[in-house]
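Here's a walk through a protein chain, side chain by side chain. Keep the model open and follow along as we go.

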Amino acid sequence: MSEQYDRDNSSSGRSGNFQISIDDDKLDEVLNSADEFDESLLEDTDVENTGSIKRTPPPRRPRPDGERRRPSGTPPSRRPDNRVSNDRAPKKKKPKKKNGCLYKMIYFIVICIVAVIISQTLIAGINDMLGVNKGEKKCTIIVPENASIDDVSALLKEAGLIQEEWFYKLYSDMTHAKYRFGTYQLDTSMDYQALNTYMATNLKRTDIVKVTFPEGYSVEQIAKRLEENKVCSADAFIAAVKTTTIKNDYVNEIDNADERYYRLEGYLFPDTYQFYLSEDPETVVKKFIDEGFRVRITAEIIEKGKELDMSVDDILTLASIIQKEASKPDDMKMISGCFHNRLKSKDNQWLGSDVTYWYPYPNREAVPAALLEGEFKEGSRYNTYKLKGLPPGPICNPGLDAIRAAINPANTDYQYFVNDANGKFYYARTKSKHDENVSYAESVKKKDTSSEEDNLIDEMNP
């Protein structure tokens, strides 16, 4: 007996015919042995006279959305069916936390408090940085050498110049603040930028000293006086005189610096200057040039020198010797006339000035013993007894009277001069007459002026 099954696959649109040949005895045995055989399956079954059974399978359940269909001819998957069943038990809802609203409210309040504190702190810092609502009060502070931001912030806080020390440190660190040693007069109304600017410059410094340098002072004498007034050390100043770059055409014309003991000797004009305590040595040197030399050496002096075929350096060199030889303007002009006559002479171009013999030392006693046996055995290299014409450079820093005398010599034919112990000068045209004057000048004793001064005081106070 044969049975034929027609199977329609409504979901895939396919149909297939299966023919199975089964013996009648075996078929009856299978049907009788099925305990749970569903009789409804045979409701749509047509039995033909030919003995074949045609069964129509029940309709398939619709596939859930998103489920892939199995292609035709592909065996069914053995994976477990993961389709969601409509009979699945509903998920259990998580129990709501107790006091949830209270926690949220506390969290919100904490955030608000923190925000208020931060905003108030920032506002206070910004107001302090801008100098707002601090009033006006002048304060004097002393910034130490190599002061750090912490050092300065503590000073400013103590003086009442700032209120928010932490904010000032932050600002100064971000702006890379630098500080200069000195005493400053500041105002509480200043903002951070103004405070740091003034402490990095000399604009508000009050530690100022006035120092006067007499005419004829040498570099070493100037250095010593600067150190005495705590402007800078003598050694630092002397080093600066040798190395400081000066933006001045006349200074830059010096072409024999290696022959000089001090390159700027003669250019440090004697006058009264204001300095800051512990000032930078190079700044001190430049102050001499800018406030002294540039102002005093006028175009008139320069032009007059050109008429005599003298450079600025020549004028200062001759003036420095005149300055050391005499103290009165009239004597300076006479001595200048003697020197000019010698410089123009064909046979007597040695100035022969005693003040050049031991330069840069004031006299023989000041020269170190080792140098007396070596370099200074026959005097300095500025020694005009063995050197024709002018020495390599000035021997001191002359004043205006000596400078004017150098370019305005007296109209005379003298070539020699000498002075006695009382400062009186004797002039001569010839060497023999000069020798007589020297002998006479050495015989003159210095007058005792103390008794004359006592008599003058008695006359003024009878």
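F417 is buried, with a relative accessible area of 14% (buried means under 20% relative accessible area, exposed over 50%, partly exposed in between, using a 1.4 Å probe and protein chains only). Before going further, note that this is a predicted model, where local features need pLDDT of at least 70, side-chain atom pairs count only at pLDDT 80 or more, and totals for chains, interfaces and linings use all residues. Residues are numbered from 1 along each chain as its sequence is written, and side-chain values use heavy atoms, with hydrogens and water left out.

So what does F417 do with its ring? A search of the whole structure turns up 23 aromatic pairs; rings of Phe, Tyr and Trp (its six-membered ring) pair if their centres lie within 6.5 Å, and planes under 30 degrees apart count as stacked, over 60 as edge-to-face and the rest as tilted. F417 and F339 make an edge-to-face pair, because their planes sit at 80 degrees, with the ring centres 5.5 Å apart. This pair links distant parts of the chain, 78 residues apart: F339 belongs to helix 12 (residues 329–344) and F417 to strand 9 (residues 416–419). Helices (H or I, at least four residues) and strands (E, at least two) are DSSP runs, numbered from the N terminus. F339 is buried as well, at 1% relative accessibility.

Now look at Y414 and Y427, a stacked pair with 5.6 Å from centre to centre and 25 degrees between the planes. Y414 is in the loop between helix 14 (400–407) and strand 9, while Y427 is in strand 10 (residues 425–428), so the pair ties together parts 13 residues apart in sequence. Y427 counts as buried, since its relative accessible area is 18%. Elsewhere, ring pairs join F213, F237, Y273, F275 and F288 into a cluster.

R381 lies over the face of Y261, 4.0 Å from the ring centre, and the charged end of K204 sits over the ring of Y198, 5.3 Å from its centre. For this, NZ of Lys or CZ of Arg has to be within 6 Å of the ring centre and within 35 degrees of the ring normal.

On to charge meeting charge. The count comes to 14 salt bridges, each being a side-chain nitrogen of Lys or Arg within 4 Å of a carboxyl oxygen of Asp or Glu. In one of them, D313 and R260 meet at 2.5 Å, N to O. D313 is in helix 11 (residues 312–325) and R260 in the loop between helix 8 (249–252) and strand 8 (272–276), so this bridge ties together parts 53 residues apart in sequence. Both D313 and R260 are buried.

Another bridge joins D413 and R429, with the closest N and O atoms 2.9 Å apart. Because D413 lies in the loop between helix 14 and strand 9 and R429 in the loop between strand 10 and helix 15 (431–443), the pair ties together parts 16 residues apart in sequence. D413 is partly exposed, with a relative accessible area of 45%. Salt bridges that share partners also join D150, E165 and K169 into one network. Within it, K169 and D150 have their closest N and O atoms 3.6 Å apart; K169 is in helix 4 and D150 in helix 3 (residues 149–159), 19 residues apart.

D420 is in the loop between strand 9 and strand 10. Its side chain reaches the backbone nitrogen of N422 at 2.9 Å.

Finally, the backbone. Most residues other than glycine have a negative phi, and most peptide bonds are trans. H176, in the loop between helix 4 (165–174) and strand 6 (182–187), has a positive phi of about 55 degrees although it is not a glycine. K230 also has a positive phi, near 60 degrees, and lies in the loop between helix 6 (219–228) and helix 7 (234–243). H176 is exposed, at 62% relative accessibility, and K230 is exposed with a relative accessible area of 62%. The peptide bond from Y359 to P360 is cis, with omega near 15 degrees, and P360 is in the loop between helix 12 and helix 13 (369–372).

Technical notes:
A polar contact is a pair of N or O atoms within 3.5 Å; within protein, one must be able to donate a hydrogen and the other to accept it, and residues adjacent in sequence count only if both atoms are side-chain atoms.
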